[in-house]
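This report looks at a pocket and at one strand with its neighbours. The sequence and structure are shown first.

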Amino acid sequence: MTSATIKLFLPHGDAKALRTAEISNWTGKALAAPRTELDGLVAREECEKAGVYILTGTNPATNGPHAYIGEAEVIRDRLKQHKGKEFWVSAIVFISKDENLTKAHVRYLESRLLAEAIQVGRFSIEQNQAGGSKLPESDREDMEVFLGRIRQLLPVLGSDLLTPITKAHAKGQSGGQLICRIKGAEARGQRTPDGFVVFSGSTAVLKDRPSAQQQHPFVVTLRKKLIADGVLVEKGGYLTFTRDAEFSSPSAAAATVHGGGANGLTEWKTKDGITLKELDEKA
């Protein structure tokens, strides 16, 4: 990812309210606002243009993060149409300052954003597919650059929709990948900026520890949710992680593997048996 100088502007002086974001030498612009400020957002002149937008909130069926990705030739009109959608609490809009985004461009961006968000898997997505648009090769390259800037700005504006739970940090991390073993189950993972990730293909014990319901009910609830979401599936006498799963802490990750309470600082170890706690103390 290329370096970037980002300019944030808070029209009302409140970082949680309406805000805009720009990147030096980029023709695009982002606007973000909570649902409570939708009227102020659509009143801005930027929303008269073509662009793509992302609505985020909570899926009422699963209580997990949920998103809708859309495009429009006139952003203002489309956002007003989404007042009937109950789930969303915030909106992020991307437009071009030089007005060079056409209907074909924004349809291409919508399709790419949708595919990438589904692949990352952090949010359930309202729609399964977008029509997309065929573009000349040079236009596709321009839109891929535009998409790259969207990836950079989304976390700055408070959304991890396109932020992958990645293994890319493992090589640079002290100790590399860490291992958690119990009763034949073996999980591999590492710290992340948001907590701890357990990698796809890892295994956890099949059944909860008998004392877990009374002593560590959060573990039981967490494992049930991961099973319901398809992250954990039964295979060969264990629960197998079907994709990378991020947890709030090493202990939450270890507890999921153990089926009961666990101290992540001592249960996660390097291949040489050095605990996470010891790695932290050496750092």
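## Lining of the largest pocket

In this predicted model, the residues that line the largest pocket divide into 10 nonpolar, 7 polar and 8 charged. The lining comprises 25 residues, and those that lie nearest the pocket's centre are Gly-121, Arg-122, Lys-225, Asp-229 and Arg-243.

The volume of the largest pocket is about 830 Å³. Among the elements around the pocket, helix H3 (103-120), helix H6 (217-228) and strand E14 (245-247) each contribute at least two residues to the lining.

## Burial of strand E3

Strand E3, which spans residues 28-34, is mostly covered, with 7 of its 7 residues buried. In a regular strand the side chains alternate between the two faces of the sheet.

## Strands paired with E3

E3 pairs in the antiparallel sense with strand E2 (residues 19-23) over 3 bridges, and in this pairing Ala-21 stands opposite Ala-30 of E3. The hairpin of E2 and E3 has 4 residues between the strands, and within this hairpin Asn-25 takes a positive phi near 65°.

E3 also pairs with strand E6 (residues 88-96), again in the antiparallel sense, over 7 bridges.

Note on methods. Residues numbered from 1 in each chain as written. Predicted model: local features only at pLDDT ≥ 70, side-chain atom pairs only at ≥ 80, totals over all residues. Heavy atoms only, no water. Buried < 20%, exposed > 50% of the residue type's maximum accessible area, 1.4 Å probe, protein only. Pairing = 2+ DSSP bridges. 1 Å grid on protein atoms, 1.4 Å probe; cavity = no way out; pocket = protein on both sides within 12 Å on 5 of 7 lines; lining within 4 Å. Points joined across faces, edges and corners; volume = space filled by probe spheres on them. Nonpolar A, V, L, I, M, F, W, Y, C, P; charged D, E, K, R; others polar.
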